[in-house]
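Open the model in your viewer and keep the selection tool at hand. The tour visits helix packing and then a ligand site.

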Amino acid sequence: MIRLEHINRTFTVGDELVHGLDDVSLQLEDGDYVSIMGPSGSGKSTLLNVLGLLDQPDGGRYFLNGDDVTQLSEQDQARVRREKVGCVFQVFHLVPRLTAAENVALPLTLAGVPHEERDRRVNEVLASLNLTDRAHHRPDQLSGGQRQRVAIARAVVTKPVLLLCDEPTGNLDHASGIDVINILEQLNAEGITLLLVTHDQELGNRADRIIHMIDGKVQS
Ligand code: ADP
Ligand code: MG
(Lines give C-alpha, C1' and ligand atoms only; values in the text may rest on other atoms or scores of the structure.)
(Ligands and ions follow the chains in the order given, each with its own letter.)
Protein backbone atom coordinates (compact mmCIF):
# COMPACT_ATOMS: atom_id res chain seq x y z
CA MET A 1 0.00 0.00 0.00
CA ILE A 2 1.09 3.54 -0.78
CA ARG A 3 -0.17 6.59 1.05
CA LEU A 4 0.75 10.23 0.57
CA GLU A 5 -0.38 12.68 3.24
CA HIS A 6 -0.28 16.40 2.50
CA ILE A 7 2.80 16.24 0.31
CA ASN A 8 4.29 19.55 -0.79
CA ARG A 9 7.16 20.11 -3.16
CA THR A 10 8.13 23.69 -3.85
CA PHE A 11 10.78 24.85 -6.29
CA THR A 12 12.48 28.21 -6.11
CA VAL A 13 13.06 29.72 -9.52
CA GLY A 14 14.78 33.10 -9.23
CA ASP A 15 12.74 34.75 -6.50
CA GLU A 16 9.56 32.94 -7.45
CA LEU A 17 8.08 29.93 -5.65
CA VAL A 18 6.65 27.21 -7.90
CA HIS A 19 4.33 24.64 -6.36
CA GLY A 20 5.31 21.38 -8.04
CA LEU A 21 3.04 19.52 -5.61
CA ASP A 22 0.51 21.36 -3.48
CA ASP A 23 -0.95 19.41 -0.55
CA VAL A 24 -1.26 16.10 -2.36
CA SER A 25 -2.88 13.21 -0.49
CA LEU A 26 -3.67 9.88 -2.08
CA GLN A 27 -3.75 6.18 -1.44
CA LEU A 28 -2.98 3.24 -3.72
CA GLU A 29 -3.55 -0.41 -2.95
CA ASP A 30 -1.20 -3.22 -3.97
CA GLY A 31 -1.84 -4.22 -7.57
CA ASP A 32 -3.62 -1.00 -8.51
CA TYR A 33 -3.43 0.32 -12.08
CA VAL A 34 -3.67 4.08 -12.04
CA SER A 35 -3.07 6.65 -14.75
CA ILE A 36 -2.05 10.23 -14.01
CA MET A 37 -3.27 12.85 -16.45
CA GLY A 38 -3.12 16.62 -16.59
CA PRO A 39 -1.68 19.52 -18.57
CA SER A 40 2.03 20.09 -18.97
CA GLY A 41 3.48 21.56 -15.77
CA SER A 42 0.70 20.22 -13.53
CA GLY A 43 3.08 18.19 -11.36
CA LYS A 44 2.81 14.70 -12.84
CA SER A 45 6.57 14.09 -13.10
CA THR A 46 7.18 15.68 -9.70
CA LEU A 47 4.64 13.26 -8.21
CA LEU A 48 6.33 10.25 -9.81
CA ASN A 49 9.75 11.47 -8.67
CA VAL A 50 8.54 11.73 -5.08
CA LEU A 51 6.89 8.29 -5.27
CA GLY A 52 10.09 6.85 -6.77
CA LEU A 53 12.23 8.41 -4.02
CA LEU A 54 14.13 10.29 -6.69
CA ASP A 55 13.06 13.57 -5.09
CA GLN A 56 12.30 14.69 -1.52
CA PRO A 57 9.11 16.53 -0.65
CA ASP A 58 9.49 19.58 1.61
CA GLY A 59 6.45 18.63 3.63
CA GLY A 60 4.05 15.78 4.26
CA ARG A 61 4.49 12.05 4.74
CA TYR A 62 4.94 9.15 2.34
CA PHE A 63 4.12 5.65 3.55
CA LEU A 64 5.28 2.68 1.48
CA ASN A 65 4.05 -0.68 2.83
CA GLY A 66 3.37 0.97 6.17
CA ASP A 67 6.82 2.55 6.60
CA ASP A 68 7.17 6.32 6.58
CA VAL A 69 9.94 6.59 4.00
CA THR A 70 10.24 10.36 4.47
CA GLN A 71 11.86 9.57 7.85
CA LEU A 72 14.55 7.28 6.40
CA SER A 73 18.18 8.25 5.91
CA GLU A 74 19.36 8.90 2.36
CA GLN A 75 21.08 5.52 2.34
CA ASP A 76 17.95 3.66 3.48
CA GLN A 77 15.86 5.52 0.92
CA ALA A 78 18.29 4.41 -1.77
CA ARG A 79 17.87 0.81 -0.63
CA VAL A 80 14.06 1.05 -0.66
CA ARG A 81 14.22 2.60 -4.13
CA ARG A 82 16.49 -0.21 -5.37
CA GLU A 83 14.39 -3.00 -3.88
CA LYS A 84 10.82 -1.78 -4.31
CA VAL A 85 10.57 0.70 -7.17
CA GLY A 86 11.08 0.46 -10.91
CA CYS A 87 11.01 3.52 -13.19
CA VAL A 88 10.42 3.86 -16.93
CA PHE A 89 10.76 7.21 -18.67
CA GLN A 90 9.92 8.75 -22.02
CA VAL A 91 13.60 8.76 -22.95
CA PHE A 92 14.99 5.31 -22.39
CA HIS A 93 18.23 6.13 -20.49
CA LEU A 94 20.00 3.00 -21.69
CA VAL A 95 23.79 2.89 -21.57
CA PRO A 96 24.81 3.14 -25.26
CA ARG A 97 27.95 0.98 -25.06
CA LEU A 98 26.25 -1.90 -23.29
CA THR A 99 24.14 -4.63 -24.86
CA ALA A 100 20.46 -5.09 -23.98
CA ALA A 101 21.38 -7.92 -21.58
CA GLU A 102 24.14 -5.84 -19.95
CA ASN A 103 21.78 -2.89 -19.50
CA VAL A 104 19.18 -5.12 -17.87
CA ALA A 105 21.85 -6.68 -15.62
CA LEU A 106 22.99 -3.31 -14.22
CA PRO A 107 20.58 -3.00 -11.26
CA LEU A 108 21.37 -6.57 -10.20
CA THR A 109 25.10 -5.87 -10.42
CA LEU A 110 24.61 -2.76 -8.26
CA ALA A 111 22.61 -4.84 -5.77
CA GLY A 112 25.47 -7.37 -5.57
CA VAL A 113 23.48 -10.31 -6.96
CA PRO A 114 25.88 -13.21 -7.74
CA HIS A 115 26.55 -13.52 -11.47
CA GLU A 116 24.88 -16.91 -12.03
CA GLU A 117 21.63 -15.76 -10.49
CA ARG A 118 22.01 -12.44 -12.29
CA ASP A 119 22.35 -14.09 -15.69
CA ARG A 120 19.42 -16.38 -14.98
CA ARG A 121 17.14 -13.48 -14.03
CA VAL A 122 18.26 -11.35 -16.99
CA ASN A 123 17.55 -14.20 -19.42
CA GLU A 124 14.20 -14.83 -17.78
CA VAL A 125 13.02 -11.22 -18.02
CA LEU A 126 14.34 -10.79 -21.58
CA ALA A 127 12.43 -13.92 -22.61
CA SER A 128 9.23 -12.69 -20.95
CA LEU A 129 9.48 -9.44 -22.94
CA ASN A 130 10.25 -11.20 -26.22
CA LEU A 131 13.79 -9.84 -26.35
CA THR A 132 15.88 -12.99 -26.26
CA ASP A 133 16.98 -12.59 -29.88
CA ARG A 134 18.02 -8.98 -29.15
CA ALA A 135 19.99 -9.71 -25.97
CA HIS A 136 23.37 -8.95 -27.54
CA HIS A 137 22.30 -5.88 -29.49
CA ARG A 138 23.34 -2.41 -28.37
CA PRO A 139 20.61 0.26 -28.03
CA ASP A 140 21.51 1.85 -31.40
CA GLN A 141 20.83 -1.53 -33.01
CA LEU A 142 17.27 -1.64 -31.63
CA SER A 143 14.01 0.04 -32.60
CA GLY A 144 12.37 2.55 -30.25
CA GLY A 145 9.83 0.00 -29.08
CA GLN A 146 12.57 -2.56 -28.44
CA ARG A 147 14.61 0.01 -26.47
CA GLN A 148 11.62 0.78 -24.29
CA ARG A 149 11.09 -2.94 -23.72
CA VAL A 150 14.75 -3.20 -22.61
CA ALA A 151 14.16 -0.24 -20.25
CA ILE A 152 11.09 -2.01 -18.83
CA ALA A 153 13.11 -5.22 -18.41
CA ARG A 154 15.76 -3.26 -16.52
CA ALA A 155 13.05 -1.66 -14.33
CA VAL A 156 11.45 -4.98 -13.34
CA VAL A 157 14.45 -7.34 -13.17
CA THR A 158 14.74 -6.52 -9.44
CA LYS A 159 11.07 -7.53 -8.95
CA PRO A 160 9.83 -4.18 -7.61
CA VAL A 161 6.35 -3.82 -6.08
CA LEU A 162 5.81 -0.45 -7.73
CA LEU A 163 6.36 0.48 -11.37
CA LEU A 164 6.35 4.20 -12.21
CA CYS A 165 6.09 5.12 -15.88
CA ASP A 166 6.45 8.73 -17.04
CA GLU A 167 5.02 9.03 -20.57
CA PRO A 168 6.60 5.70 -21.58
CA THR A 169 4.98 5.81 -25.02
CA GLY A 170 5.78 9.49 -25.68
CA ASN A 171 8.60 8.73 -28.12
CA LEU A 172 7.00 5.74 -29.80
CA ASP A 173 4.79 5.24 -32.81
CA HIS A 174 1.23 4.10 -32.05
CA ALA A 175 1.79 0.38 -32.57
CA SER A 176 4.96 0.28 -30.43
CA GLY A 177 3.14 2.34 -27.80
CA ILE A 178 0.30 -0.17 -27.60
CA ASP A 179 2.86 -2.97 -27.42
CA VAL A 180 4.55 -1.27 -24.44
CA ILE A 181 1.21 -0.65 -22.67
CA ASN A 182 0.24 -4.30 -23.16
CA ILE A 183 3.50 -5.33 -21.49
CA LEU A 184 2.94 -2.94 -18.58
CA GLU A 185 -0.61 -4.24 -18.15
CA GLN A 186 0.66 -7.83 -18.20
CA LEU A 187 3.11 -6.94 -15.39
CA ASN A 188 0.22 -5.34 -13.49
CA ALA A 189 -1.85 -8.50 -13.98
CA GLU A 190 1.03 -10.41 -12.37
CA GLY A 191 0.74 -8.17 -9.31
CA ILE A 192 2.88 -5.06 -9.73
CA THR A 193 1.31 -1.70 -8.80
CA LEU A 194 1.34 0.36 -11.99
CA LEU A 195 1.34 4.16 -12.23
CA LEU A 196 1.25 5.54 -15.71
CA VAL A 197 1.62 9.20 -16.63
CA THR A 198 0.22 9.80 -20.09
CA HIS A 199 -1.13 12.57 -22.30
CA ASP A 200 -3.10 10.06 -24.29
CA GLN A 201 -6.73 9.91 -23.17
CA GLU A 202 -7.26 6.53 -24.80
CA LEU A 203 -4.32 5.00 -22.92
CA GLY A 204 -5.26 6.78 -19.68
CA ASN A 205 -8.77 5.35 -19.85
CA ARG A 206 -7.40 1.81 -19.80
CA ALA A 207 -6.39 2.17 -16.14
CA ASP A 208 -8.71 1.19 -13.27
CA ARG A 209 -8.50 4.72 -11.92
CA ILE A 210 -7.46 8.10 -13.32
CA ILE A 211 -5.83 10.79 -11.19
CA HIS A 212 -6.26 14.27 -12.70
CA MET A 213 -3.68 16.90 -11.75
CA ILE A 214 -3.85 20.67 -12.15
CA ASP A 215 -1.38 23.20 -10.71
CA GLY A 216 0.29 20.66 -8.44
CA LYS A 217 -3.03 19.53 -6.97
CA VAL A 218 -4.85 16.23 -7.34
CA GLN A 219 -8.35 16.96 -8.62
CA SER A 220 -9.90 13.52 -8.37
P1 ADP B 1 4.42 17.74 -15.59
O2 ADP B 1 5.22 16.49 -15.50
O3 ADP B 1 2.98 17.58 -15.21
O4 ADP B 1 4.54 18.40 -16.94
P5 ADP B 1 6.30 18.73 -13.63
O6 ADP B 1 6.04 17.85 -12.47
O7 ADP B 1 7.51 18.47 -14.43
O8 ADP B 1 5.00 18.81 -14.55
O9 ADP B 1 6.40 20.24 -13.11
C10 ADP B 1 5.46 20.83 -12.21
C11 ADP B 1 5.85 22.28 -11.95
O12 ADP B 1 7.05 22.31 -11.19
C13 ADP B 1 6.12 23.08 -13.22
O14 ADP B 1 5.67 24.39 -13.01
C15 ADP B 1 7.62 23.01 -13.36
O16 ADP B 1 8.10 24.15 -14.03
C17 ADP B 1 8.07 22.98 -11.89
N18 ADP B 1 9.32 22.23 -11.74
C19 ADP B 1 9.48 20.89 -11.87
N20 ADP B 1 10.75 20.53 -11.62
C21 ADP B 1 11.42 21.66 -11.32
C22 ADP B 1 12.77 21.96 -10.96
N23 ADP B 1 13.69 20.99 -10.84
N24 ADP B 1 13.09 23.25 -10.72
C25 ADP B 1 12.15 24.22 -10.82
N26 ADP B 1 10.88 24.02 -11.14
C27 ADP B 1 10.50 22.76 -11.40
MG1 MG C 1 6.33 15.50 -16.94
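Axes here are lines fitted to C-alpha atoms, for helices over the stretch in contact, and angles run from 0 to 180 degrees between N-to-C directions. Helices are DSSP runs (H or I, at least four residues), numbered from the N terminus. This is a predicted model: local features need pLDDT of at least 70, side-chain atom pairs count only at pLDDT 80 or more, and totals for chains, interfaces and linings use all residues. Residues are numbered from 1 along each chain as its sequence is written, chains are lettered from A and ligands numbered from 1 in the order in which they are written, and side-chain values use heavy atoms, leaving out hydrogens and water.

Select helix 3 and helix 5 (residues 144–156): their axes come within 7 Å and cross at roughly 25 degrees. Helix 3 is therefore roughly parallel to helix 5 (angles under 35 degrees count as such). Show side chains next: Ala100, Asn103, Val104 and Pro107 of helix 3 meet Val150, Ala153 and Arg154 of helix 5, where contact means heavy atoms within 4.5 Å.

On the helix 3 side, select Ala101, Val104, Ala105, Leu108 and Thr109; they meet Arg118, Arg121, Val122, Val125 and Leu126 in helix 4.

Finally, centre on ligand 1. An oxygen atom of the ligand lies 3.2 Å from a backbone N or O atom of Ser42, and one is 3.0 Å from a polar backbone atom of Gly43. At Thr46, select the side chain: a polar atom there lies 2.5 Å from an oxygen atom of ligand 1.

Note on methods. Helix = DSSP H or I, 4+ residues; strand = E, 2+ residues; numbered from the N terminus. Polar contact = N/O pair within 3.5 Å; in protein donor to acceptor, adjacent residues only side chain to side chain. Parallel < 35°, antiparallel > 145°, perpendicular 65-115°, else oblique.
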